[in-house]
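Visitor: Could you take me slowly through one part of this structure, and then show me how the rest is arranged around it? I would like a careful look at a pair of strands to begin with.

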Amino acid sequence: MNAWRDYYTNPENIEKIAKFCRYREVVAIKRLKDRNVTLRPLKIFKPEHFEYWFNRTLKDCLFDLYISNASVKLPPLPPGLSNLEEARRIVNEKWRKYLQQEETDFVTGFDLFADIDIDAMEQRDDARRYALKLWEELRKLKLKPQLWDTSRGFHVIVLGRFDPMDCFALLRDICNKAKIPTSMSRICERCGNLYIADKCPECGSTKCKVAEKPRVDLAVSLDIRRIRRCPYSLHSKTHKPMVRIC
Ligand SMILES: [Zn+2]
C-alpha cells in the first residue's frame, strides 16, 4: 500500500494522469474487501482535481481509474462526493440527448480503441504479439496508433474523431486479414484456419469453435459510452501502472 500511495502522490504521475482525464468522463472503482464502489462521473482537468478525489476518498484503498473513450464537453457539475448522484443524473441526461440527436455537441471525439483482453497472465506474450501486429497494420494505413500495456491486457488506441461503427468495421477487417483473434473469430475444426465468416473460406467447413482469449473484444470498439483504463494509472490486481510501449 505504501508504494501505491507513493505513486499517486508523485506530482509527475498525477500530471500525466490528469492530462489523460481532460475532456473525458472519469470513473473510479474502489476495490474494498467485500465490495466495489463506483464513483462517477468525476471531472478531472488538473492535477489538483485528482488530488482532491485521492485525498477525499481514494487514498486508503485500491482502486482502478477509467476514462471515457469518447471526449465529451462535460457541463458544470455540482462539486464533491455527496453530489455524485446529482452529477450522474446531469451527465446521463446529456448522453440521452446526444444519443437522440437533440444535442450533437456533447461528444467531441471518439478514439479508435482495441482492447486485447486476457484471462490469465500466461496469455500476455500472445496478447502483446497481437497488439503489436494490429499497431503495425494501423501504421500502414497512415494512422498514428499508440500501444499501451495495462499490465494485464493491451490497448491499441488512435486518438481522434472516429465513428464507432467505422472503428468496429476497420478493426474487424484488419484482424480478419492479419489473423488476429477477435470476439467474432472462428477456428475451423477441419483445417485450423482463423476467420470471421459463416463458413471457413479455406475449406468450406462450418464446423468451428470460437477463438478464446487473448483476443480483440470488438464489441468494446463499438460502444460510444465505453470506459477504458486511464493511462499511467495503477491496476488494482497487479499494482503496476499502464505504460506506453510504442
Ligand atoms: Zn477450414
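Guide: In this predicted model, strand S1, which covers residues 26-31, pairs with strand S2, residues 36-42, and the two run in the antiparallel sense with five bridges between them. One of the residues to look for is Ile29, whose bridge partner in S2 is Thr38. If you follow the chain from S1 to S2, you pass through a hairpin of four residues that joins the two strands.

Stepping back to the whole chain, the domain assignment gives domain 1 as 2-109 + 227-244 and domain 2 as 112-222. The centres of domain 1 and domain 2, taken over C-alpha atoms, are separated by 27 Å, and where the domains meet, 12 residues of domain 1 are in contact with 10 residues of domain 2. On the domain 1 side of this meeting place, strand S13 (227-229) and strand S14 (243-244) each supply at least two residues, and by class that side has three nonpolar, four polar and five charged residues.

The largest nonpolar core holds 46 residues, of which Ala131, Leu134, Val156 and Leu171 touch the most other members. Helix H5, residues 124-140, provides the largest share of this core, with six residues. Because domain 1 and domain 2 both give residues to this core, it lies between them.

Conventions:
Residues are numbered from 1 along each chain as its sequence is written. This is a predicted model: local features need pLDDT of at least 70, side-chain atom pairs count only at pLDDT 80 or more; totals for chains, interfaces and linings use all residues. Two strands pair if DSSP finds at least two bridges between them. Domain bounds come from an automatic or database domain assignment. Two residues are in contact if their C-beta atoms, placed from the backbone, lie within 7 Å. Ala, Val, Leu, Ile, Met, Phe, Trp, Tyr, Cys and Pro count as nonpolar, Asp, Glu, Lys and Arg as charged, and the others, Gly among them, as polar. A nonpolar core is a set of buried Ala, Val, Leu, Ile, Met, Phe, Trp, Tyr and Cys residues joined through C-beta atoms within 7 Å. A residue is buried if 20 or more other C-beta atoms lie within 10 Å of its own, exposed if 12 or fewer, and partly exposed in between; C-beta atoms are placed from the backbone.
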